[in-house]
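Visitor: I would like to go through this chain with you, topic by topic. Could we begin once it is on screen?

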Amino acid sequence: MAISFAETTGFFEKTLDLRARRAEVLANNLANADTPHYKARDIDFKAALQRQMQGAERGSFNLARTQGTHIEGQSSVGLEDLLYRTPNQPSVDGNTVEEQVEHSAYMRNALAFQASFTLLNGRFKGLMTAVRGE
């Protein structure tokens with residue numbers, strides 16, 4: 001009987017990938033907390049994961065390459081996954097980043113990432129036990 005890593009890790013791989021991408025977006029928000037007119041972004045994790053589990057293709061940037069040496073543009077997050085955050089208390093300079101909200105979202109995302117990683121690790125330990133015949 002063959003062990004399929006794709007079947008074993010499929011859900012967790014997609015979850016970890018989306019959590020990592022969301023961490024990038026939230027970190028970018030925090031980095032631009034003092035940038036005038038910067039609009040905070042976030043990912044609707046549930047919708048993005050559901051789209052990934054259904055096998056839907058994520059959006060990508062259609063960038064024109066003006067020289068053959070340019071690298072093709074790729075989006076790390078699908079365009080349909082990246083949303084603007086509505087601020088609770090807008091700032092005078094038009095920036096919608098609220099540091100407390102971003103820190104909270106980042107920490108919750110980090111905890112969820114760690115939980116997913118722990119569950120994936122448990123799966124691999126189970127596979128290793130099965131391979132050893134214990």
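This is a predicted model: local features need pLDDT of at least 70, side-chain atom pairs count only at pLDDT 80 or more; totals for chains, interfaces and linings use all residues.

Visitor: Which residues form the largest nonpolar core?

Guide: The largest nonpolar core consists of Leu 18, Val 25, Ile 43, Phe 45, Ala 48 and Leu 49, 6 residues in total. At least two residues of this core come from each of α1 and α2 (45-53).

Visitor: And which element supplies the largest share of this core?

Guide: That is α2, with 3 residues.

Visitor: Let us stay with Phe 45. What is it in contact with, leaving aside neighbours within four places in sequence?

Guide: With those neighbours left aside, Phe 45 contacts Thr 15, Leu 18 and Arg 19. Of these, Leu 18 is also a member of the core, while Arg 19 lies over the face of the Phe 45 ring, 3.6 Å from the ring centre.

Visitor: Where does the charged end of Arg 41 sit?

Guide: The charged end of Arg 41 is placed over the ring of Tyr 84, at 3.9 Å from the centre of that ring.

Visitor: How many aromatic pairs are there, with ring centres within 6.5 Å as the rule?

Guide: The count by that rule is 0 aromatic pairs.

Visitor: Changing topic: where is Asn 32?

Guide: Asn 32 belongs to the loop between α1 (5-31) and β1 (41-43).

Visitor: Is Asn 32 buried or exposed, and why?

Guide: Asn 32 counts as buried because its relative accessible area is 17%, and the cut-off for buried is under 20%. Not counting residues up to four places away in sequence, Asn 32 touches Tyr 38, Asn 95 and Val 97.

Visitor: Now helix α3. What is its reach?

Guide: Helix α3 covers residues 99-132, which is 34 residues. From its first C-alpha to its last it reaches 49 Å, close to the 50 Å expected at 1.5 Å a residue.

Visitor: Which of its residues are buried, and what follows the helix?

Guide: The buried residues of α3 are Glu 102, Ala 105, Asn 109, Ser 116, Leu 120 and Leu 127. After α3 comes Gly 133, with a positive phi near 75°.

Visitor: What about Val 101?

Guide: Val 101 lies in helix α3. Beyond its neighbours within four places in sequence, Val 101 is in contact with Arg 85 and Asn 88.

Visitor: And what separates Val 101 from Pro 87?

Guide: Their C-alpha atoms are 9.1 Å apart, and the two residues are 14 residues apart along the chain.

Conventions:
Residues are numbered from 1 along each chain as its sequence is written. Side-chain values use heavy atoms; hydrogens and water are left out. Rings of Phe, Tyr and Trp (its six-membered ring) pair if their centres lie within 6.5 Å; planes under 30 degrees apart count as stacked, over 60 as edge-to-face and the rest as tilted. A charge sits over a ring if NZ of Lys or CZ of Arg is within 6 Å of the ring centre and within 35 degrees of the ring normal. Helices (H or I, at least four residues) and strands (E, at least two) are DSSP runs, numbered from the N terminus. Buried means under 20% relative accessible area, exposed over 50%, partly exposed in between (1.4 Å probe, protein chains only). Contact means heavy atoms within 4.5 Å. A nonpolar core is a set of buried Ala, Val, Leu, Ile, Met, Phe, Trp, Tyr and Cys residues joined through side-chain atoms within 4.5 Å. The expected span of a helix is 1.5 Å times one less than its number of residues.
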